Amino acid sequence: MKILITDDHAVVRQGYASLLSVMLDPCEVVEAGSGEEACLQNAAHQPDLIILDINLPGISGIETARRIIKRDPETRILFFSMYDEMPMVQQALDSGALGYITKSSSPEVLIDAVRKVASGQIYVEHELAMRLAMRQQPRTTSDQRLQEMTQREFEVFVMLARGFSVRSVAEQLCISAKTVSNYTAMLKSKLDVSSTTELVHLAIETGVIKVAPEPASI
């Protein structure tokens with residue numbers, strides 16, 4: 001099996017490449033550090049499967065998937081991401097990918113997902129699949145506004161809602177702090193909120209982020 005791993009962290013790529021090489025025999029792993037590079041590597045190597053992160057420098061993983069699948073509809077893509085928010089998972093699957101698991105998954109889940117997606121089956125991590133099923137109901141106005149966001153706007157929205165500072169968001173997404181500030185202003189306008197606190201409340205209300213329950217008093 002030939003696998004293309006796309007992640008902007010070399011240590012992460014090499015770690016998973018080693019894991020796959022041990023647990024899948026035979027297995028050839030090709031690496032890419034950005035979406036643009038993934039498009040080039042896919043054309044050059046024609047892998048059986050692409051493992052793709054969402055948060056990439058340049059074009060996002062979701063846009064990368066769209067470009068690759070537009071060129072070759074038979075390409076099999078498995079998203080492997082830190083994000084477990086339902087709108088993000090849905091956008092990833094809507095791009096044409098066959099699978100989605102989070103980076104908190106066990107190695108066994110990763111290998112199972114790789115095998116199934118490489119064979120043309122759909123694979124979504126169990127908890128995410130359950131939450132996606134529960135989400136198939138009429139959307140509120142807030143949900144509709146989230147669906148109207150661009151990919152980058154949604155990434156900034158999620159990170160701000162999680163408590164990241166403007167500087168941290170800029171560093172994670174490889175863009176300038178000024179660009180993040182501009183996205184923040186656009187988000188507030190688009191979502192009809194006036195503060196970051198209201199952004200957080202909206203994220204909780206729509207299920208974009210989860211709040212851990214308070215411990216029961218004794």
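Gln91 touches Ile62, Gln151 and Phe154, leaving aside residues up to four places away in sequence; contact means heavy atoms within 4.5 Å. The model is predicted: local features need pLDDT of at least 70, side-chain atom pairs count only at pLDDT 80 or more, and totals for chains, interfaces and linings use all residues. Residues are numbered from 1 along each chain as its sequence is written, and side-chain values use heavy atoms, with hydrogens and water left out.

**Gln91 and helix α4**
- Gln91 sits in helix α4. Helices (H or I, at least four residues) and strands (E, at least two) are DSSP runs, numbered from the N terminus.
- Gln91 is buried, with a relative accessible area of 10%. Buried means under 20% relative accessible area, exposed over 50%, partly exposed in between (1.4 Å probe, protein chains only).
- Eight of the nine residues of α4 are buried. Among them are Met86, Met88, Val89 and Leu93.
- Just after α4, Gly96 has a positive phi of about 115 degrees.

**The sheet**
- Six strands form an open sheet with parallel pairing, in the order β2-β1-β3-β4-β5-β6. Two strands pair if DSSP finds at least two bridges between them.
- β2 (28-32) and β6 (123-124) are the edge strands; each has a single partner strand, so one side of each lacks a neighbour in the sheet.
- β4 (residues 77-81) and β5 (residues 99-102) pair in the parallel sense over four bridges. Phe79 has Tyr100 in β5 as its bridge partner.

**Helices on the sheet**
- Helix α4 (residues 86-94) packs on the sheet and touches β4, β5 and β6; its direction makes about 145 degrees with that of β5. Axes are lines fitted to C-alpha atoms, for helices over the stretch in contact, and angles run from 0 to 180 degrees between N-to-C directions.
- Helix α5 (residues 107-118) also packs on the sheet, touching β1 (2-6), β3 (49-52), β4, β5 and β6. The direction of α5 makes about 155 degrees with that of β4.

**Nonpolar cores**
- The largest nonpolar core has 47 residues, and Phe79, Tyr100 and Phe157 have the most contacts inside it. Such a core is a set of buried Ala, Val, Leu, Ile, Met, Phe, Trp, Tyr and Cys residues joined through side-chain atoms within 4.5 Å.
- Helix α8 (residues 151-161) gives the most to this core, with seven residues.
- A second, separate core of 19 residues includes Cys27, Leu110, Val114 and Val117.
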